[in-house]
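Subject: Structure for your review

Dear colleague,

Please find the structure below, handed over for your own work.

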Amino acid sequence: MLSREDNETLVRIGPQTPMGQFMRLYWIPFLKASDVTPDGQPYRVRLLGEDLVAFRDSSGRVGLVAQACPHRGAPLVFGRNEADGLRCVYHGWKFGVDGRCLDIPVEPAGSPMCKRMRVTAYAVRERNGMLWAYMGPEQENPPELPAVEWNLVPETQVAISMRIQECNWLQALEGEIDSAHAAILHGRVDVGGTINQWKQGADLTPTFECVQHDAGVSIGARRKTPDGQNYVRVNQFMLPFWTLVPPQAQFPDLSGHAWVPIDDEHTLCVMFSYTPAQPFYEKTRQVFKNGHAGRETGHHSDGAYEKRPVTEPYHTYWSRFNRGNAYHFDYAQQVSKYNSGMPGLWIQDAACQSGVQPIYDRSQEHLGTSDAGIARTRRVLLEAVRQLQAGTPPVSAAQPGLFMKRAVSITIPAGGDWKELGAEHMRAEVGKDFGYQP
């Protein structure tokens, strides 16, 4: 368990908080590039507790600026995006993607006010269909984008989805580095479905081993196999909010999340699945987009969003499965078919992570041996934040190559060293295939 003080340190991410300052040292994936078009409607964003608006100007450059006009606080989401700038609808003040004021039509010609005025603006980069924001202190000279493999392979090899989750970022993240829950939460009462055939379902009491590295933690879960070998699944946590999930045997792909803090009580869940050396399976892509037989996969389906007003942050990514409607829980289904009684993978995870409250009091927990990865990840985060407060920034924020890692699912001799036997498979390289049979 955590003390209340440490819990507060980890989940509070506003501009003046220790974790908020830590997060701002890293590039943050925050929007699909297709969500903003040249001279198109601005898009409301909230990141790390800051209210912002994204827009793409006439020249195709993307701006991420404060939501409130610095004149009288009018919402820039209502601004008119024209002629390489965003013009406030209230008095016509116009701002470029760099935050500079370009025009104040209601002031006298030659007024120095225009040159003085700026709106807060953050550096934005675009790569492979995703927009990234850097909110740290080095706005004129930000670090390089992280070399996360999913955003380096061709777009034809990747499936990406986004959704809002109603809890703090760490509660969401911890579900994905917990390798003990999958076969239980996602399994079925009957014998149908592919999940009941997952290899990890054959041994529900894995042993765990965690290995810390410069980018985060490798979390190995070792299970016995019927033929006397060991099946080892290694999840990866990478600072500050990345998780990588091992592939399954059927249609193997690599997947994971960026668990991006919107504010203290909401998380932008950016999920990616990709094949490292071939086009992504088209059938799987369609199942991700459309769901399967009325159920959700690990990805949020396109038809299950609940569109909200444009003034609400991420108005196109709120789900109709949420705490307010109990995630469509059905007790009859739980008794007869699905362990969870809920319609799909990500919904089951979200309900367990968010269902009690947005910020759970972790001092009330009772952790077991299966929680080794979660406990280690918390310690790594707390230590990294404390080091930053003492003047030592994290090395991974400035070394993009440290993120070239993979999660793996390997079968090895009983008692074998997964760190040695899986070392090459855990090293990401663009164009390199799995190198083993998941």
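**Domains and their contact**

The protein chain is divided into domain 1 (27-134) and domain 2 (149-426), with bounds that come from an automatic or database domain assignment. This is a predicted model, in which local features need pLDDT of at least 70 and side-chain atom pairs count only at pLDDT 80 or more, while totals for chains, interfaces and linings use all residues. Residues are numbered from 1 along each chain as its sequence is written, and side-chain values use heavy atoms, with hydrogens and water left out.

The C-alpha centres of domain 1 and domain 2 lie 33 Å apart. Domain 1 brings 23 residues to the contact and domain 2 brings 26 residues, where contact means heavy atoms within 4.5 Å. About 2000 Å² is buried between domain 1 and domain 2, and carbon and sulfur atoms give 58% of that area. Buried area here is the accessible area (1.4 Å probe) that two parts lose on being put together, summed over both. Of the area that domain 1 buries against domain 2, Y43, R46 and N128 supply 29%, more than any other three residues.

**Strands**

Helices (H or I, at least four residues) and strands (E, at least two) are DSSP runs, numbered from the N terminus. Two strands pair if DSSP finds at least two bridges between them.

Strand β13 (residues 216-224) has eight of its nine residues buried, so it is largely enclosed by the rest of the structure. In this message, buried means under 20% relative accessible area, exposed over 50%, and partly exposed in between (1.4 Å probe, protein chains only). Strand β12 (residues 207-213) runs antiparallel to β13 and is joined to it by seven bridges. A hairpin of two residues connects β12 to β13, and Q212 stands opposite V217 in β13. β13 also pairs with strand β14 (residues 230-238), in the antiparallel sense and over nine bridges; here R222 stands opposite V232 in β14. Five residues lie between β13 and β14 in their hairpin, and G228 in the turn has a positive phi of about 90 degrees.

An open sheet of four strands has the order β5-β6-β7-β8, with antiparallel pairing. Its edges are β5 (80-82) and β8 (101-103), each with a single partner strand, so one side of each is left without a neighbour in the sheet. β5 and strand β6 (residues 85-87) run antiparallel and are joined by three bridges, and the bridge partner of E82 in β6 is G85.

**Aromatic rings and charges**

Rings of Phe, Tyr and Trp (its six-membered ring) pair if their centres lie within 6.5 Å; planes under 30 degrees apart count as stacked, over 60 as edge-to-face and the rest as tilted. By this rule the count comes to 15 aromatic pairs. The pair of F22 and Y26 is tilted, because the ring centres are 5.5 Å apart and the planes stand at 55 degrees. Both F22 and Y26 are buried.

F321 and W346 form an edge-to-face pair, at 6.2 Å centre to centre and 80 degrees between the planes. F321 lies in the loop between α6 (282-290) and α7 (331-336) and W346 in helix α8 (residues 345-354), so the pair ties together parts that are 25 residues apart in sequence. F321 counts as buried at 5% relative accessibility, and W346 counts as buried at 3%. Ring pairs also link W132, W150, F241, W242 and F272 into a cluster.

A charge sits over a ring if NZ of Lys or CZ of Arg is within 6 Å of the ring centre and within 35 degrees of the ring normal. The charged end of R295 sits over the ring of Y338, 3.4 Å from its centre, and K419 lies over the face of W418, at 5.3 Å from the ring centre.

**Backbone geometry**

Most residues other than glycine have a negative phi, and most peptide bonds are trans. The peptide bond from L239 to P240 is cis, with omega near -5 degrees, and P240 is placed in the loop between β14 and β15 (242-245). D39, in the loop between β1 (27-32) and β2 (43-47), has a positive phi near 60 degrees and is partly exposed at 38% relative accessibility. H328 lies in the loop between α6 and α7; its phi is positive, about 60 degrees, although it is not a glycine.
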